[in-house]
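Let's take a walk through this structure together. Have the sequence and the coordinates open as you read.

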Protein chains: 2
Amino acid sequence: MLKSRPIDWDAAYAGRADRMRASEIRELLKLLEQPDIISFAGGIPDPELFPTSAISDAYTATLTGPSGTRSLQYSVSEGYPPLRRWIVGLMARLGVSCGIDNIVITSGSQQGLDFLGKLLLSAGDTALVAAPTYLGALHAFNPYEPRYDVLRINELDRVNEIDAVQVRYRHAAAAATSRLALAYVVPDFANPTGDTLSEATRLRLLDLVAGLGVPLIEDAAYSALRFEGEPIRPCLALDIERCGHIDRSRVIYCGTFSKTISPGLRVGWVCAAHDLVQKLVLTKQAGDLHSATLNQVVMHQVAEAVYDQQVRTIVAVYAKRRDAMLAALARHMPDGVSWTRPQGGMFIWITLPASLDGAELLAASVAEERVAFVPGGAFFVDGSGRNTMRLSYSLQSESGIEEGIRRLGRLIARFISQSAPGSRATASPGRA
Amino acid sequence: MLKSRPIDWDAAYAGRADRMRASEIRELLKLLEQPDIISFAGGIPDPELFPTSAISDAYTATLTGPSGTRSLQYSVSEGYPPLRRWIVGLMARLGVSCGIDNIVITSGSQQGLDFLGKLLLSAGDTALVAAPTYLGALHAFNPYEPRYDVLRINELDRVNEIDAVQVRYRHAAAAATSRLALAYVVPDFANPTGDTLSEATRLRLLDLVAGLGVPLIEDAAYSALRFEGEPIRPCLALDIERCGHIDRSRVIYCGTFSKTISPGLRVGWVCAAHDLVQKLVLTKQAGDLHSATLNQVVMHQVAEAVYDQQVRTIVAVYAKRRDAMLAALARHMPDGVSWTRPQGGMFIWITLPASLDGAELLAASVAEERVAFVPGGAFFVDGSGRNTMRLSYSLQSESGIEEGIRRLGRLIARFISQSAPGSRATASPGRA
């Protein structure tokens, strides 16, 4: 028997593991799951709104019905055909004409993002992402070792010639000897900003990605949660109109039931050209064979039974909470603080005076005011955004929102006065 | 608006996508799901044996109980703590002393293999795998672009000095300017051979991987399905005995409930050193956030309630089917055909005379005899094994096994007689 030295894991890991690090924010937030904290951090659905009895009924009906044992067996990597057909119907209502072969079921849209990173990103490739953007997309892409370039979406509406913008992205990639591989957006009620891209912006974005020759990943996680205003067609629908058929489109739509029905069942989907979907099916097969058979069967039944009603229910509640937060922000935030006014989704994005730091503010906010949120810096790939923060209203009652924003406004006002020239030295050591 | 050319997906895919191709065998087998086919191809559990009512009861109890809504919510990437604690108890019974921080829940052990490939394999690294080995492991590893070297496990028992074997693997990797990254084995009732490694072989394998300085992935998918003989401790247990603590061990144990309770819920686990498990949790978070919360809660309840009884039930049935298949093989196989005698699991491995080809035989078998199996060649990374085939007895009744093997024996006898010198020209065109 040889002497057994302990393994050196750092030497054993692949290079990409360097890019897979614990999020400090997430670790911090774990510590904040205390009942006396008013948390605007989560960004997750209110479990009180889940259609629990419809879900329970569907499990019972499935497991005690004639297909009970089959729903516990292995199933195809593409996903449960009746669920995929239901999604085809949903996509049609969104203006996307497609067939069942354009749909693959994933374990939430997060898995769609991971698989798309796997399929589209080689080490050193460039991914174009907004700044700020969804942190989970960066986590999904990071193991495939891309570099990032900031997709300046607002700029698209201001320039006359999108060709010039393309050239700039091409030059930046070429200077880094990088291949432009994909663009990623959250067009509706984005995480973290709550912003929505207008149809005109979507069309210019389609011009840009067509000119660059890259696929566009459209993360539609929050799209169903529109409180007001007219729905804007998905980028995928607009692109199909331009190119004639989904199988010719470069847009990859990631959908999910996590924000509408339940995130705990882990059922999402990707809708895209058949060529890509076939590759995703192979990725799924290699990755985890298939999503839980039973959960797909149940999700199909629940979606059939309650989807529209369920969306109406949660939209009504979240809209009131957004209203409560906007009203509280107007009442309690000091001058120099601005915020977005989302038409749907779960988030409001706060911009603080440039001298303030969201991470420092969080430490003080938890210690002194028992209010939690997510500092905005982590959502930026370019190191900017330290003076921003993300607030979610989805989990708090209207009275909790009022109280939490009141405390937060008080704290921010103190920070602003302390950060005024000459007052730095008096800053509390507690927020270091 | 720019002219929108259709996207060239082949140019859009990352280099690794070349390694992600549809398995011809799997595509063929899809065509074989016809009721008049006697299939030994599957290698999946018999759904009639699922503890469906226990599972149904657990869903009802969970969803109508006080934690109903929580089981539909997002949850931690590590997995549901009570389930992880239950698995700690199971591992203890297998001789593995560990804590909850050594366990991460995955969506089946397939996802464990994907994540381990992601964490441990850089492009060009060498993975040591048996030939034949589990095809799904190769599918999981392939997107990370390893090269493979054949782990000649039987050889380990025959050599005096394992150092010499190490040197050979090191030289082979160095010659390919490759880093030796991992070794992968299925020690109990392996897919596809049904073979089990003795304790002595496991110890020599541990010597080898310790000498090479690589982690050893122990795929225990079938380990619970022992029909007879004494259980052999997992490599992980043996390694902990040598190195003193799981956190010093290089063995990574992949377990699953897919072969014992139900594959359709997609619940498995990895048990390993805390350092690696932490990295796997980050991989899980980036990959799909967490496995379905509800399914983990239910799996915990079902495991608590019926695990041991369930294992006894399925082992009794599968043992009889193995007996039936071994008896039928002895009765019906012509001279020149040999097979394994598994002590558990789902597979018997057939070696045909060298002149025969399993893939050709399958085509004829389906066309002429309506019997399906998996040709063995796909399980080999070195291109050998064309004259082999995998038979699974898990899904067939004893009478179906007798009839299927009778037909297969008849066909093989004909193939052998046709492949005799001088008779090639008379071979049926049907098996081309």
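What follows goes from the chain as a whole to its domains, the pairing of the chains, the core and a few local details.

## The chain as a whole

Please keep in mind that this is a predicted model. Chain A has 14 helices and 13 strands, and its C-alpha atoms fill a box of roughly 70 × 70 × 55 Å along the principal axes. How does the radius of gyration of chain A agree with that of a compact globule? For 432 residues such a globule would have a value near 22 Å, and chain A has 23 Å, which agrees.

Of the 432 residues in chain A, 54% are buried.

Where they meet, domain 1 of chain A supplies 31 residues and domain 2 of chain A supplies 32 residues.

On the domain 1 side of this contact, the elements that give two or more residues are α12 (293–332) and β10 (347–351) of chain A. The largest share, 8 residues, comes from α12(A). Sorted by class, the domain 1 side has 18 nonpolar, 10 polar and 3 charged residues.

## How chains A and B pair

Chain A can be laid on chain B by a turn of 180° with a shift of 0.0 Å along the axis, giving an RMSD of 0.0 Å. That is the relation of a two-fold axis. The same surface serves both copies, as 99% of the contact residues of chain A recur in chain B.

The contact between the chains takes 76 residues from chain A and 76 residues from chain B. Which elements of chain A give two or more residues to the side that touches chain B? They are α1 (9–12), α3 (52–64), α5 (108–120), α6 (135–141), α9 (199–212), α10 (235–243), α11 (274–288) and α12 of chain A. Here the largest share, 9 residues, comes from α11(A). The chain A side divides into 37 nonpolar, 27 polar and 12 charged residues.

## The nonpolar core

The largest nonpolar core has 269 residues. Those with the most contacts inside it are A:Ile252, A:Val270, A:Cys271, B:Ile252, B:Val270 and B:Cys271. Helix α12 (residues 293–332) of chain B gives the largest share of this core, 12 residues.

For a closer look, pick A:Ile252. Leaving aside residues up to four places away in sequence, A:Ile252 touches A:Leu116, A:Pro215, A:Leu216, A:Ile217, A:Glu218, A:Val270, A:Ala272 and A:Leu276.

## A buried loop residue in chain B

B:Leu356 sits in the loop between β10 (347–351) and α13 (358–369) of chain B. Is B:Leu356 buried or exposed? It is buried, because 20 other C-beta atoms lie within 10 Å.

B:Leu356 and B:Phe415 are 59 residues apart in sequence, while their C-alpha atoms are 7.3 Å apart in space. B:Phe415 is also one of the residues that B:Leu356 touches; beyond four places away in sequence, the others are B:Leu361, B:Asn387, B:Ile416 and B:Ser419.

## Backbone details worth a look

One joins A:Ala131 and A:Pro132, with omega about 10°; A:Pro132 lies in the loop between β3 (126–129) and α6 of chain A. Another runs from B:Asn191 to B:Pro192, with omega near 15°, and B:Pro192 is found in the loop between β5 (180–185) and α9 (199–212) of chain B.

Positive phi values come next. A:Leu289, a residue other than glycine, has phi near 70° and is found in the loop between α11 and α12 of chain A. A:Leu289 counts as buried, because it has 24 C-beta neighbours inside 10 Å. B:Arg370, also not a glycine, has a positive phi of about 55° and is placed in the loop between α13 and β11 (371–372) of chain B. With 16 other C-beta atoms within 10 Å, B:Arg370 is partly exposed.

Terms used
Residues are numbered from 1 along each chain as its sequence is written. Chains are lettered from A and ligands numbered from 1 in the order in which they are written. This is a predicted model: local features need pLDDT of at least 70, side-chain atom pairs count only at pLDDT 80 or more; totals for chains, interfaces and linings use all residues. Copies are superposed by least squares on the C-alpha atoms of residues with pLDDT of at least 70 in both. Two residues are in contact if their C-beta atoms, placed from the backbone, lie within 7 Å. Helices (H or I, at least four residues) and strands (E, at least two) are DSSP runs, numbered from the N terminus. Ala, Val, Leu, Ile, Met, Phe, Trp, Tyr, Cys and Pro count as nonpolar, Asp, Glu, Lys and Arg as charged, and the others, Gly among them, as polar. A nonpolar core is a set of buried Ala, Val, Leu, Ile, Met, Phe, Trp, Tyr and Cys residues joined through C-beta atoms within 7 Å. A residue is buried if 20 or more other C-beta atoms lie within 10 Å of its own, exposed if 12 or fewer, and partly exposed in between; C-beta atoms are placed from the backbone. The radius of gyration is taken over C-alpha atoms; the globule rule is 2.2 Å times the number of residues to the power 0.38.
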